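Me: Please take a close look at the cavities in this model. I would like their sizes and what lines them, with the cut-offs spelled out.

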Amino acid sequence: MAEHKDVLISIRDLTKRFAAPGRKKAVRAVDGVSLDIYRGEALGLVGESGCGKTTLGRCILRLIEPSGGRIEYDGQVLFDKEEGIRAEMLPFRRKMQIIFQNPAASLDPRTTVGESIGEALDIHRLVKGREERQQRIEALMTEVGLDPADAGRYPGAFSGGQQQRVGIARALAVEPEFIVCDEPISSLDVSIQSQIINTLEDLKQQKGLTYLFIAHDLSVVRHISDRIGVMYLGRLVELGDSVSLTARPLHPYTRALLSAVPLPDPEKNRLRERNPMQGEPPSPVDPPSGCAFHPRCPMATEKCRQETPPLMEREPGRFAACHMLSLPKEGRDSAT
Ligand SMILES: Nc1ncnc2c1ncn2[C@@H]1O[C@H](COP(=O)(O)OP(=O)(O)O)[C@@H](O)[C@H]1O
Ligand SMILES: [Mg+2]
């Protein structure tokens, strides 16, 4: 837990627009996100597919260039649209890494896994000589739960879970401080998902890593995350510590996401409040007016159709963007 609140990454009003093929308007993939990531925490980022999680993660690393806003890493400005700052990223590449959703696609099928881990060492000249290089590769493989004797094998000889371990070893090779874990288990068999999560959790503890942990499923992130951010159509709609956010969600969208998570106890499952999501998320090319969630929200009023609610602190450390939370208690009760 990040009790001391030492900010590692600060994001302000970050936006990313993509040109939409055959359309005049752009896709607003990330639409004004402000967020601090504390050193040593795992910040979970959830939301339905297409809400901008991957785009936000890649913008922070500047693997894709943001359209607007500001990003700071450890007090240094990586990007500021207004001030025209675009930092040289090479020194930061050692500190910030990413683990991809699809390990098979992120590994070269013609490069042995040892070699692909070695390449990460070479880029930043982290080892001297063949022997030290080989020792580092084997140590990294052991660290992520692979057999170093398999260093000479090709990715095709590995299971999905083992391939993801190679991806983790590659990210760790440069001894980063911060890792974007972009749905690292969503392409894997359910039976091995928790093993990979445990490995990521152990590595975080051992090395004091900071994670942005992306998933579309709240049940995956709630265990690994200190705090959780919930995205809807490019915007952050709720942010808070993961225990109280999952126990007592504030935003109606978070409530709907949570009610889609099955409980282990079937009886509790049957009894609890059902709040199923209506329909599909709207297109980020033409987001609805006002609060983008209003067409699917059981509480929506005229104000929700007209005004975009800002993300506001509702309780210490708990933020939500919802007009209905700003009403006095009586008003809120009569609106539900
Ligand atoms: N390179 C791209 N070009 C055009 N549109 C993109 C591109 N990447 C993502 N998008 C669009 O941006 C939105 C957010 O995508 P993404 O960040 O991948 O969401 P998520 O990771 O939450 O599923 C989607 O509407 C997606 O189609
Ligand atoms: Mg994604």
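**Cavities and their linings**

Reply: The count comes to two cavities of 30 Å³ or more in this predicted model. A cavity here is a set of points, on a 1 Å grid over the protein atoms alone, where a 1.4 Å probe fits but cannot get out. Rolling a probe the size of a water molecule over the atoms shows where empty space is left.

The largest cavity holds about 70 Å³, a volume being the space filled by probe spheres set on the points, which are joined across faces, edges and corners. Its lining is made up of 13 residues, where a lining residue has an atom within 4 Å of a point. P252, C291, C297, C304 and C322 lie nearest the centre of this cavity. By class, the lining has ten nonpolar and three polar residues, with no charged ones. Nonpolar covers Ala, Val, Leu, Ile, Met, Phe, Trp, Tyr, Cys and Pro; charged covers Asp, Glu, Lys and Arg; the others, Gly among them, are polar.

The second largest cavity has a volume of about 40 Å³. E48, S49, G50 and C51 are in its lining, along with M231, Y232, L233, Y253 and P281. Six of these lining residues are nonpolar, two are polar and one is charged.

On conventions, residues are numbered from 1 along each chain as written, and chains are lettered from A and ligands numbered from 1 in written order. Local features need pLDDT of at least 70 and side-chain atom pairs 80 or more, while totals for chains, interfaces and linings use all residues; side-chain values use heavy atoms, leaving out hydrogens and water.

Conventions
On a 1 Å grid over the protein atoms alone, a cavity is a set of points where a 1.4 Å probe fits but cannot get out, and a pocket is an open set with protein on both sides within 12 Å along at least five of seven lines; lining residues have an atom within 4 Å of a point.
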